[in-house]
Amino acid sequence: MNQYETVFILTPVLSDDQMKEAVKKHQDFLKESGAEIVHEEHWGMRKLAYPIQKKSTGFYHLIEFRAEGELIADLETQLKRDERVMRFLTVKLDKHAVAYNEKKRKKAQDAANEKGEA
């Protein structure tokens, strides 16, 4: 099993509920296909570097997961078919990227714990 991360941008015309439903659809697809979701981040509404479909902002979401390589083609087909997804990128993480992400998450968790204690 390899580790991947997929970032996708959803159209900004969605309501909060519609955006969450779109994210859940892709999460459920991964889980049903045997992938293990390692980490997720919702980055919120961000300005795009250049207009996509005449829109200058979008909802960004990152999903980090472990899966077999064959699943990626199916996931990308599903993302292409979803009209709410403006762009997406899936990257296979090597051992250094996995270690970096784990270290980054631990650091963020420690900072949140310290903030909660203060």
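1. Cavity count. How many cavities of 30 Å³ or more are there by this rule? The count comes to one. A cavity here is a set of points, on a 1 Å grid over the protein atoms alone, where a 1.4 Å probe fits but cannot get out. Rolling a probe the size of a water molecule over the atoms shows where empty space is left. The largest cavity has a volume of about 40 Å³. That volume is the space filled by probe spheres set on the grid points, which are joined across faces, edges and corners.

2. Basis of the model. This is a predicted model, where local features need pLDDT of at least 70, side-chain atom pairs count only at pLDDT 80 or more, and totals for chains, interfaces and linings use all residues. Residues are numbered from 1 along each chain as its sequence is written, and side-chain values use heavy atoms, with hydrogens and water left out.

3. Cavity lining. Which residues line the largest cavity? They are Thr6, Phe8, His26, Leu30, Ile63, Phe65, Leu75 and Leu79. Lining residues have an atom within 4 Å of a point. At least two lining residues come from each of strand S1 (2-10), helix H1 (16-32), strand S3 (55-67) and helix H2 (70-81).

4. Fold layout. The protein chain has three helices and four strands. Their order along the sequence is β-α-β-β-α-β-α. Helices (H or I, at least four residues) and strands (E, at least two) are DSSP runs, numbered from the N terminus. Taken along the principal axes, the C-alpha atoms fill a box of roughly 40 × 40 × 25 Å.

5. Burial and surface. Of the 118 residues in the protein chain, 38% are buried. Buried means under 20% relative accessible area, exposed means over 50%, and partly exposed lies in between (1.4 Å probe, protein chains only). The protein chain exposes about 7,700 Å², and carbon and sulfur atoms supply 51% of that area. Accessible areas come from the Shrake-Rupley method with a 1.4 Å probe; for residues, only the protein chains shown count as cover.

6. Charges. The protein chain carries 21 positive and 21 negative side chains. The centres of the two sets lie 6 Å apart. Lys and Arg count as positive, Asp and Glu as negative; His and the chain ends are not counted. Each charge is placed at NZ of Lys, CZ of Arg, CG of Asp or CD of Glu.

7. Contacts along the chain. Take the contacts with a separation of 6 or more: residues 24 or more positions apart account for 74% of them. Contact means heavy atoms within 4.5 Å.

8. Glu5. Glu5 sits in strand S1. Leaving aside neighbours within four places in sequence, Glu5 is in contact with Leu62, Ile63, Glu64, Leu89, Thr90, Val91, Leu93 and Asn101. Glu5 and Asn101 are 96 residues apart in sequence, yet 10 Å apart in space, C-alpha to C-alpha.

9. Glu41. Strand S2 (residues 36-52) holds Glu41. Is Glu41 buried or partly exposed? Glu41 is partly exposed, because its relative accessible area is 27%. Beyond its neighbours within four places in sequence, Glu41 is in contact with His61 and Leu62.

10. Phi of Gln53 is near 55 degrees, a positive value in a residue other than glycine. Phi of Lys54, also not a glycine, is positive as well, near 60 degrees. Gln53 is partly exposed at 47% relative accessible area, whereas Lys54 counts as exposed at 84%.

Terms used: On a 1 Å grid over the protein atoms alone, a cavity is a set of points where a 1.4 Å probe fits but cannot get out, and a pocket is an open set with protein on both sides within 12 Å along at least five of seven lines; lining residues have an atom within 4 Å of a point.
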